[in-house]
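Subject: Structure handover

Hi,

Here is the structure for you to look over. My notes follow below it.

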Amino acid sequence: MIAESGHYALVLALGLALIQSIVPLIGARLRDAALMNVARSTALAQLLFVGVSFTALVMLHVNSDFSVANVYENSHSMKPLLYKITGVWGNHEGSMLLWVSILALFGGLVAGFGNNLPLSLRAHVLAVQAWIASAFYLFILVTSNPFLRIVNPPIEGRDLNPVLQDIGLAVHPPMLYLGYVGFSISFSFAIAALMEGRIDAAWARWVRPWTLVAWIFLTLGIAMGSYWAYYELGWGGWWFWDPVENASLMPWLAGTALLHSALVMEKRNALKVWTILLSILTFSLSLLGTFLVRSGVITSVHAFATDPTRGVFILLILCLFIGGSLSLFAGRATSLKQGGLFAPISREGALVLNNLLLTVACAVVLFGTLYPLAMEMLADFKMSVGAPFYNLTFAPLFALLLLAVPFGPMLAWKRGDLLGVTQRLLAAGVAGLVVVAIVWAWVRGGSALAPLAIGLGVFVIAGAVTDLAERTGLVRLPFATVLHRARGLPRSAWGTAFAHAGLGVALIGIVCETTWNSEYIATMKQNEVAHVAGYDLKLDGLFQRQGPNYREMIAEFNVSRDGEAIRVMTPSKRSFTTRGSSTTEAALLTHGASQLYVSLGDATAEGAIAVRIYHKPLVLLIWWGPVLMAFGGVLSLSDRRLRVGAPKPARARQRLQPAE
Amino acid sequence: MTRKQRRMTIIGGSLAVLALAAALVLNALRDSIVFFSTPTMVAEKHVEPGKRFRLGGLVQPGSLQRGDNLAVTFEVADGNAKLPVAYKGILPDLFREGQGVVAEGALDANGVFKADTVLAKHDETYMPKDVADALKKQGHWKDDYGAQASGAARPAAATAQGNPQGAVR
């Protein structure tokens, strides 16, 4: 019964979405408020029904109802409860259901909290949302229905891929989808603006918080996924330039550009056409990501299924939405009014440069992702584009961007004084150069690139601090005044500083980890000691243990430094009987921002075991950086102007009407 | 500054950045791309020693030999040809004889493929997609590889990074 109700609720949601696709638009043409308001009710009802559908699938997984194909293929009665729940989106069908649930959630939020939007704008936005939703409901119902029953139900399920049986699965996909799908809102707003032919600074003020929310989740989602790969795959890599990772990075780059261009539009009423185009591109890249992951054109950890009909269906959705929105853009963009003027050296100019570098970097990633696919299809040979390609292309562009980051927030709007800003950034620049010199002297020669990159990271962080110091008058003014000014500073200024500093922090982490990572790979016997980066790791012994749905072999290492015992580390290797596969659980020892990383290979016949030990200096900065960025985003989101900026509709009158 | 001048400045700047990016990409394409080959393709094309490529095929049953200090040798076959592979390091969890594998590295002077990375990245049919496609093209695809794939296939990935220089870097 649960499966059937879930299925039925999804069909009802499709029906509602179809109504929401058409009726509000008719209402907007006829200027009929009642028809336009249909969108609000249907969006909320859709959220309810998709919620019912999603809950049904969760219940089926929790109850281990193996008469449902999706549960049989991805669950096991012995699996811990947490993984029974997270396993819902650890497969193709379930993850698509999560995708549409989040889409419905965003639609519901616009419907519920968008009361200060003009009625026709809200109707348009929700209608566009419903187009996207209808396409994906159809996709799920036609090609990937998670509620299909099996005629002869098996007694036991086939279990979830062991690599996915981890807390990471509980956090990473929902976060990522909140980001991906969140950009659908700015897309819908852009299409609505094009359809209405009206766009102004207030539009940007409505779009920015939604974009910011999506961006925050995407940032955290990518960082979380990277950390998960780092500790779960067992060899300490945290970014592989895998097409699927690129698929999440591209919307992030475009979304970051969008955040910045929406700022220009909101403050200065300029770059309107560009902002609209970016909104369309950002969500198009999210759709492209969905296509790459779900269609099976690429092999990766993330690609669940390779069913050609699904690929064709998603490709159709992709062409329809990207093609349609870009044609609409081409037809309507010229009718939008041009905004304010600015000199090339100005805050606007800096933000244009930011956009330019971000979109070009994004284009480079897109090229690297699609080039092997295109070559395979056109020239019929296979190849891979990996880290070396991106190091030569993406890295220089991003270095250029980082060099410009501290200048942006310090330039004035309209017409800036580059010389003055350079003088004020002198201290930050000197700090960067001093760090370059110190690191250079420390490592005595070697590649000049690493010290320079660390210096760049320090410059970005110092630049963010300088900006705050300038704004609060630190050093120049008495301390009490500084405090007062700091309190009066808009939250978005603090947000900017944190987000920019986060970039610098991540850069330092990336450079330190890749340059000074030390590694030890060998077979070890009992009581043997490995020396890595000043640590001594003594293998005390191997133990077997039975887990809920796996057996694991644990190795116990006594870690000491200079004869002083620090901790016991217990990496393990789990073998899952149901799937006949095994996973490597690395053990981590955190020391400041650095980590010692131990993972196991195969045991040999003589009782020795292959081990991999890494010392990764400052590796945690790689993920603290994005966390800082996301924190900056949250601060920015809580800015007063985003909360009270948009005009309120006159609702008071309704409330005063008598009850009868 | 007039609107026209502003537009020209922005267009000029954009073109400069695009040109820079294009130059970077073209430069990178020259030597950072890794091609995929099967043992047959290697035998036919006479790949020169030292050129990096990805080798894909099936691990020849009975060919895996473990040496001292994590050194392993095995053969990769695709039905027509075989190629010996030498690797030092920990093989991925999913590495099995008779099943698909992708190794990255280069040939040495003796015609042995020195791998520095071994990937056993595949779904439940134990067949990497690249390898499956290559086998299908050569007509060596056996239906029993695909038979297990009737359910939704889910991949698992495991990667091994080897270090040919020595144990400690």
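A definition to start: axes are lines fitted to C-alpha atoms, for helices over the stretch in contact, and angles run from 0 to 180 degrees between N-to-C directions. Helices (H or I, at least four residues) and strands (E, at least two) are DSSP runs, numbered from the N terminus.

This is a predicted model: local features need pLDDT of at least 70, side-chain atom pairs count only at pLDDT 80 or more, and totals for chains, interfaces and linings use all residues. Residues are numbered from 1 along each chain as its sequence is written, while chains are lettered from A and ligands numbered from 1 in the order in which they are written.

Helix pair in chain A

Helix H7 (residues 167-196) of chain A packs on helix H8 (residues 201-232) of chain A at about 155°, with the axes 7 Å apart. H7(A) is therefore roughly antiparallel to H8(A) (angles under 35 degrees count as roughly parallel, over 145 as roughly antiparallel, 65 to 115 as roughly perpendicular and the rest as oblique). The contact of H7(A) with H8(A) has 21 nonpolar residues, eight polar and one charged. Here Ala, Val, Leu, Ile, Met, Phe, Trp, Tyr, Cys and Pro count as nonpolar, Asp, Glu, Lys and Arg as charged, and the others, Gly among them, as polar.

Helix H16 of chain A

H16 (residues 449-472) has 24 residues. From first C-alpha to last, H16(A) reaches 35 Å, close to the 34 Å expected at 1.5 Å a residue (the expected span is 1.5 Å times one less than the number of residues). A:Gly473 follows H16(A), with a positive phi near 75°.

Positive phi without glycine

A:Asn269 is not a glycine, yet its phi is positive, about 60°. A:Asn269 sits in the loop between helix H9 (243-268) and helix H10 (272-295) of chain A. A:Asn269 is partly exposed, with 17 other C-beta atoms within 10 Å (buried means 20 or more other C-beta atoms within 10 Å of a residue's own, exposed 12 or fewer, partly exposed in between; C-beta atoms are placed from the backbone).

A:Ala533 is not a glycine either, and has a positive phi of about 50°. Its loop runs between strand S3 (529-532) and strand S4 (535-546) of chain A. A:Ala533 is partly exposed, with 18 other C-beta atoms within 10 Å.

A loop in chain B

B:Val112 lies between strand S6 (100-107) and strand S7 (113-119) of chain B, in the loop. B:Val112 is partly exposed, with 15 other C-beta atoms within 10 Å. B:Glu75 is 37 residues from B:Val112 in sequence, and 9.6 Å away C-alpha to C-alpha.

Best wishes
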